[in-house]
Each structure stands twice: as C-alpha cells, then as structure tokens.
Amino acid sequence: MQDPGPAAERTTATAAGVWDWLLGGRHHVAADREAAINSQRSFPLASRVAKYNREFLHRAVRYLTGVGVDQFLDIGSGYPVAASVHEVAPGSRVVYVDYEQDTVDVSRRILAGNPHATSVHGDLRAPEGILANPEVTGMLDFGRPVALLLLSVLHFIPDELEPARLVRSYLEPLAPGSHLVISHGAEPADERSRRLQNEWTRVYNHSVTEQFHRRTAAEVGEFFAGTTLVPPGLVLAQDWHPADPAYIPDEEDESRQVLLGGVGRVG
Ligand SMILES: C[S@@+](CC[C@H](N)C(=O)[O-])C[C@H]1O[C@@H](n2cnc3c(N)ncnc32)[C@H](O)[C@@H]1O
C-alpha cells in the first residue's frame with residue numbers, strides 16, 4: 001500500500017517526527033521540521049548520524065538473518081522510513097512497537113494485508129504491556145529466537161527509570177539464540193565533540209517532548225548484561241560490521257563519535 005503520510009497535524013515536535021525529517025521521510029509536521037532544523041544548526045551532522053543509525057540497523061538485521069533469526073521485536077521503531085526491518089528481512093516475522101500513536105497508525109496502514117508484520121502501540125517503560133500484548137504473542141513465537149531491537153530509543157529513558165532493568169525484563173522470556181541490538185547516543189571522547197553535543201542536546205531537549213540522555217560505552221555496555229557480545233562488541237555504530245570490506249574509519253568525521261552500536265547473543 002502507498003505510504004499515507006502523517007495522519008494528524010500535531011503542534012508539538014516528537015522524537016519520531018524529528019527523526020523522520022532527518023531521514024528525509026514524509027511523516028513529520030511543521031513543529032518537527034522546526035525542531036529538526038534548530039538542532040541541525042547546533043549540530044549540522046545530525047542527519048548523517050540518523051543515517052548511520054539506519055545503516056547500522058540494516059547491517060545488524062542482515063547479520064541476524066544470516067545466523068538464522070527470523071523474528072524481530074522492534075521497540076521505538078518510529079515511522080517507516082529508509083527501509084524498515086520487514087523490507088530488509090522479507091519473510092521474517094516483525095512487530096513494530098512505538099508509543100507515538102501516529103507512527104503506529106501509519107505503519108499499520110502500510111502493513112495492512114502483510115501476514116508477517118504488524119505495528120502495535122506500546123511503551124518501552126512498561127514491558128509487561130508489550131510482552132503480553134496478544135498481537136505480539138500472536139506474531140512472535142517466544143519458544144524460538146527473537147531479535148529485540150532497541151535502536152536510538154534507550155537514550156530517552158533516564159537513569160531513574162532503570163533502563164538496564166527494563167532491558168532485562170525484555171530479555172528474560174527470550175529463547176536461547178535470541179539477540180539484543182542496541183544503538184545509543186554516545187558521550188564523545190574529545191572535548192570539542194562534547195561541547196557540540198552539549199549544545200545539540202540542549203536545543204533538542206528544549207524543543208522535543210522526549211529528553212535525550214547520552215551515555216558512555218561502559219554505561220551502554222551494562223544493557224548487554226546476560227548476553228555475549230558479537231564481535232567486535234559495542235563500538236561506534238559505523239564500525240560495526242561495515243558493509244565495505246575496504247572500510248577505513250574516517251577519524252576526521254565529527255559525527256563519528258555520536259552513536260554506539262552493538263549486538264548481544266542470549267544463551
Ligand atoms: C530516534 S527515533 C528511532 C527510530 C528507529 N528505532 C530508528 O532507529 O530509526 C526514537 C523512537 O522511539 C520512540 N520512543 C521514545 N520513547 C519511547 C517509549 N518509552 N516507548 C516506545 N517508543 C518510544 C519515539 O516515538 C520514536 O519513534
């Protein structure tokens with residue numbers, strides 16, 4: 001079915017809408033565009049980071065299908081833009097979850113008639129609501145490996161809500177051979193990048209409903225507790241299984257340090 005565009009005119013910017021603008025999608029509204037342009041002004045490489053994130057997602061999903069995983073639970077999935085999981089892993093069972101109703105409505109219209117993929121409303125902060133949702137349990141067989149995808153969403157969960165505990169709740173019911181995929185805003189190592197990121201975070205948090213919490217590699221590493229990290233481990237997202245065998249990291253690229261990515265195996 002044809003992509004319907006945004007269902008409703010929101011007046012406040014959301015992470016989903018800003019992300020859609022950064023990726024060149026068509027589901028954002030004026031408030032998202034304004035917030036995205038403001039954040040681009042403070043960090044002009046934001047859209048490149050959004051693209052790095054989607055490319056990391058695609059490489060991780062291809063890796064997972066290569067090791068036999070054919071079920072995906074994508075929480076904080078956002079609008080379908082720049083190739084979603086069911087397009088990268090056709091034939092796999094996919095459940096998209098987001099707490100932004102419009103992303104769910106748009107996704108459901110796109111997925112209408114697709115017996116292998118659906119989209120449901122759910123909040124990452126309430127695991128039981130997602131794990132017990134009959135549409136989730138009807139689509140995914142938890143007796144077999146499932147990939148839990150948490151891409152660019154855990155950085156919206158503050159420490160007070162114990163994001164590591166939340167991740168554990170999602171991992172507990174997963175069968176051996178399941179995987180956890182995380183990308184997460186990184187605390188940059190060098191002072192100049194940190195200053196740029198501080199300014200970007202300030203502008204972003206001022207204009208968007210969600211609040212962005214960068215974390216160090218050690219902090220993000222804690223989310224993988226109970227899994228075995230797939231080599232090369234938790235690294236800058238662009239460096240995780242680069243598609244080009246001749247890939248050489250561009251150390252001059254200031255957007256490099258902004259996003260961490262990793263995949264852990266359960267059991
Ligand atoms: C930056 S976008 C990332 C989208 C997609 N995962 C990706 O990597 O391209 C973050 C998404 O997470 C969603 N989100 C934020 N907090 C959430 C929560 N507590 N529960 C469910 N979704 C959430 C937002 O609505 C948005 O769609």
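Let me start with contacts. Among contacts between residues at least 6 apart in sequence, 68% join residues at least 24 apart. Keep in mind that this is a predicted model.

Now the overall picture. The protein has 10 helices and eight strands. Its C-alpha trace spans about 45 × 40 × 40 Å along the principal axes. A compact globule of 267 residues would have a radius of gyration near 18 Å, and this protein has 17 Å, which agrees. Of the 267 residues, 55% count as buried. The accessible surface comes to about 11600 Å². Carbon and sulfur atoms account for 53% of that surface.

On to the strands. Take β3 first, residues 117-121. Four of its five residues are buried, so β3 is largely enclosed by the rest of the structure. Which way do β2 and β3 run, parallel or antiparallel? They run parallel, and five bridges join them. β2 covers residues 93-98.

Next, β5, residues 179-185. How many of its seven residues are buried? Seven of the seven, so this strand is largely enclosed by the rest of the structure. Look at the side chains. His179, Val181, Ser183 and Gly185 point one way. Leu180, Ile182 and His184 point the other way. All of these are buried.

With β4 the sense is parallel, over five bridges. Leu149 has Val181 as its bridge partner in β5. Here, too, there is a helix to follow: β4, α8 and β5 make a right-handed β-α-β unit. With β8 the sense is antiparallel, over seven bridges. There, His179 stands opposite Arg265.

Now the aromatics. The structure holds seven aromatic pairs. I'll show two.

Tyr63 sits in helix α3, residues 46-66, and Trp240 in the loop between β7 and β8, so the pair ties together parts that are 177 residues apart in sequence. Is Trp240 buried or exposed? Trp240 is buried, at 0% relative accessibility. Tyr63 is partly exposed, at 24%.

Phe156 is in the loop between β4 and α8, and Tyr204 is in helix α9, residues 191-207, so the pair ties together parts that are 48 residues apart in sequence. Phe156 counts as buried at 18% relative accessibility. The cut-off for buried is under 20%. Tyr204 is buried as well, at 6%. Both residues belong to one aromatic cluster, made up of Phe156, Trp200, Tyr204 and Phe212.

Some backbone geometry now. Most residues other than glycine have a negative phi, and most peptide bonds are trans.

Start with Ser152. Its phi is near 50°, a positive value in a residue other than glycine. Ser152 lies in the loop between β4 and α8. Ser152 counts as buried, at 10% relative accessibility.

Then His241. Its phi is near 45°, again positive in a residue other than glycine. His241 is in the loop between β7 and β8. Trp240 lies in that loop too. His241 is partly exposed, with a relative accessible area of 29%.

And where is the cis peptide bond? It runs from Pro231 to Pro232, with omega near 10°. Pro232 is found in the loop between β6 and β7.

Last stop, Leu236, in strand β7. What does Leu236 touch, beyond its neighbours within four places in sequence? Its contacts are Arg256, Gln257, Leu259, Leu260 and Gly261. Ser77 gives a sense of scale: Leu236 and Ser77 are 159 residues apart in sequence and 20 Å apart in space, C-alpha to C-alpha.

To recap on the strands: β5 has seven of seven residues buried, pairs in the parallel sense with β4, and pairs in the antiparallel sense with β8.

Technical notes
Residues are numbered from 1 along each chain as its sequence is written. This is a predicted model: local features need pLDDT of at least 70, side-chain atom pairs count only at pLDDT 80 or more; totals for chains, interfaces and linings use all residues. Side-chain values use heavy atoms; hydrogens and water are left out. Rings of Phe, Tyr and Trp (its six-membered ring) pair if their centres lie within 6.5 Å; planes under 30 degrees apart count as stacked, over 60 as edge-to-face and the rest as tilted. Helices (H or I, at least four residues) and strands (E, at least two) are DSSP runs, numbered from the N terminus. Buried means under 20% relative accessible area, exposed over 50%, partly exposed in between (1.4 Å probe, protein chains only). Two strands pair if DSSP finds at least two bridges between them. The radius of gyration is taken over C-alpha atoms; the globule rule is 2.2 Å times the number of residues to the power 0.38. Contact means heavy atoms within 4.5 Å. Accessible areas come from the Shrake-Rupley method with a 1.4 Å probe; for residues, only the protein chains shown count as cover. A crossover is right-handed if, with the strands pointing away from the viewer, the path from the first strand over the helix to the second runs clockwise.
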